[in-house]
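Here is a short report on one protein chain. Look at the sequence and the model first, then read on.

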Amino acid sequence: MAEQVLERGRSNYDFLLRRPSAILETQFEASILLVGAATSPLELRLAVTSALHTALPDLVCSLVLLLDVETQQLAYFETNDSPLYMPTSGVVWDSVRRRSADTLAEAIPSSDPIRTLYPALPPSLGDGQVVVVLPVLPVKGHQIVAVMLAVCSKLQPPHEGKLQWLKKNVLVASQRVMKNAVAEKERRRAEGMLRVCGDLIDLDSSILLLKIHKHLKSILDAKASMVLIVDEVTNELICQTFDDVALDTPFTLPMAETLYGRCVESGQNILIDNVAEDMRYNPAVDTVNNYEPSSMICMPVQVQREGHSAPKTIAVAVVFDKTVEKGGKFTSRDVENMGFVLRFSSTLLANTLAYQREMLLRKHNVALLEMARNLFSSVSDQDKLLRAVMNEAKKLTNAERCSVFLLDLQGHELVASVFDGAVPAQSPFRIAVGQGIAGFVAKTGEIVNIKNAYKHPKFFKEIDMSTGFHTRNILCFPIKNNTGDVVGVAELCNKVGGNFFTKYDQELAATFSVYCGISLYHAGTL
């Protein structure tokens with residue numbers, strides 16, 4: 001019994017009987033376990049620092065730098081979220097670039113930038129002291145995951161063996177910590193984006209776009225941004241907002257001629273570091289709102305479509321000029337972050353645009369009903385009815401002018417007796433069926449949409465010459481009776497707020513023509 005008590009006593013106070021070297025060995029092993037247990041950059045730095053103190057002789061000071069996964073730069077982690085980045089010049093940087101372990105017999109120069117990161121480095125070395133710089137990277141890799149720097153006594157083989165053991169453990173631990181850091185960053189980014197999405201929800205597209213602009217600038221440290229909406233009908237890009245301003249009058253940009261259109265058509269991101277030296281940017285067509293950028297990122301805004309493998313591009317987002325405080329140039333990381341934001345906000349934008357299209361359709365339906373009421377209230381007076389037809393047609397399609405021709409079957413001519421604007425010298429004005437755009441529509445019964453009137457071979461220039469009016473584009477549609485025969489033609493000129501009449505205007509015109517035919521029939525004109 002006494003022997004057992006004595007044995008327990010020896011076990012409890014065994015550390016008193018150990019040699020100092022054995023105690024250090026145990027402390028080093030414990031530090032290695034802490035390195036293996038680290039889950040964050042801060043924990044790993046502290047564990048490696050502790051291991052260096054037990055592994056190296058007469059350690060004066062040490063510095064541990066770890067790879068920041070977000071910036072891919074080596075950094076000193078005071079906290080997990082506040083890295084201090086390693087200067088890219090100096091003695092230590094030279095060792096890192098060579099990816100070689102160095103033992104320096106002289107102190108790091110006082111002018112070396114590393115001292116701004118770690119002022120505790122001694123100004124000079126004592127007798128037998130050295131500076132050890134040990135980059136940590138895979139055997140067959142080139143990416144440095146950590147750097148250990150220590151000021152200590154000259155290394156002996158046992159110390160070098162411990163450093164190699166520590167290096168292997170730091171390599172494995174760094175890779176695990178980096179994966180954890182990436183996962184944590186993605187989790188935080190997703191949570192943040194979900195909160196932002198709650199703020200982004202808005203049924204007004206202009207307000208939503210302004211919110212997206214603000215968030216893109218905040219995430220990417222950009223000076224300006226814009227989102228151009230794709231108009232599938234006109235094959236144009238619509239600019240409703242620029243940076244922090246909702247434009248009083250939205251304008252359009254041609255898809256084929258602009259850098260932004262090429263981004264949409266290719267579905268690829270465009271990163272330009274120096275706009276002035278990049279031939280892809282054409283100031284004549286790519287300058288928006290008189291803003292002259294130095295650098296930019298263009299990115300298609302895409303949504304998945306049910307039943308389609310390829311996404312649909314609904315807009316193109318653009319950010320201009322990274323702030324000087326954040327480096328002055330956009331990086332691949334900025335492109336990744338921008339894509340992350342747009343993946344979340346694209347669905348919100350698509351829903352808002354769909355809602356506004358639905359509201360526009362309802363508005364046009366109400367306008368058609370109002371138009372029908374106005375037409376039917378004018379059936380007692382032919383001239384009044386024809387003027388009502390012209391006015392309602394212009395309102396529906398945003399046209400500058402409208403002319404209405406009735407078909408004279410006896411003379412096989414189109415006759416206009418009521419005019420919108422200037423009255424031609426010959427009144428009533430007559431056009432032979434088959435002559436010009438209106439005559440062609442009367443002959444074929446087809447709707448004609450002309451983007452450039454003067455380039456069209458059937459355009460009858462004499463009308464412009466007689467009225468002094470300049471026609472840019474034309475939407476001409478037939479008016480038919482209840483049996484489907486053409487009894488007249490309406491010709492709309494010059495789309496207001498657009499470069500030409502759209503397919504949607506054509507659909508409105510086709511619907512409108514039915515009401516015209518009914519009204520003219522009840523007026524006894526047909």
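## Terms and model

A residue counts as buried when its relative accessible area is under 20%. The model is predicted.

## Helix α11

Helix α11 covers residues 382-397. Its buried residues are Leu385, Leu386, Ala388, Val389, Met390, Glu392, Ala393, Lys394, Leu396 and Thr397.

At 1.5 Å a residue, the 16 residues of α11 should span 22 Å. The end C-alpha atoms lie 23 Å apart, which agrees. Just after the helix, Asn398 has a positive phi of about 55°.

Strand β8 spans residues 236-242. Six of its seven residues are buried, so the rest of the structure largely encloses β8.

β8 pairs with β7 (residues 222-231) in the antiparallel sense, over three bridges. Ile238 of β8 is the bridge partner of Ile229. The β7–β8 hairpin has four residues between the strands, and Asn235 there takes a positive phi near 55°.

β8 also runs antiparallel to β9 (residues 245-254), joined by six bridges. Pro254 of β9 is the bridge partner of Glu236. Two residues separate β8 and β9 in their hairpin, where Asp243 in the turn has a positive phi of about 55°.

## Core and whole chain

The largest nonpolar core holds 56 residues, and Leu52 and Leu166 touch the most other members. Beyond its neighbours within four places in sequence, Leu52 contacts Leu59, Ser62, Val64, Met148, Leu163 and Leu166.

The chain has 14 helices and 18 strands. Of its 526 residues, 45% count as buried. It exposes about 27,400 Å², with 53% supplied by carbon and sulfur atoms.

Note on methods
Residues numbered from 1 in each chain as written. Predicted model: local features only at pLDDT ≥ 70, side-chain atom pairs only at ≥ 80, totals over all residues. Heavy atoms only, no water. Core = buried A, V, L, I, M, F, W, Y, C linked by side-chain atoms within 4.5 Å. Buried < 20%, exposed > 50% of the residue type's maximum accessible area, 1.4 Å probe, protein only. Contact = heavy atoms within 4.5 Å. Areas by Shrake-Rupley, 256 points an atom, 1.4 Å probe, with all protein chains shown as cover. Expected span 1.5 Å × (residues − 1). Pairing = 2+ DSSP bridges.
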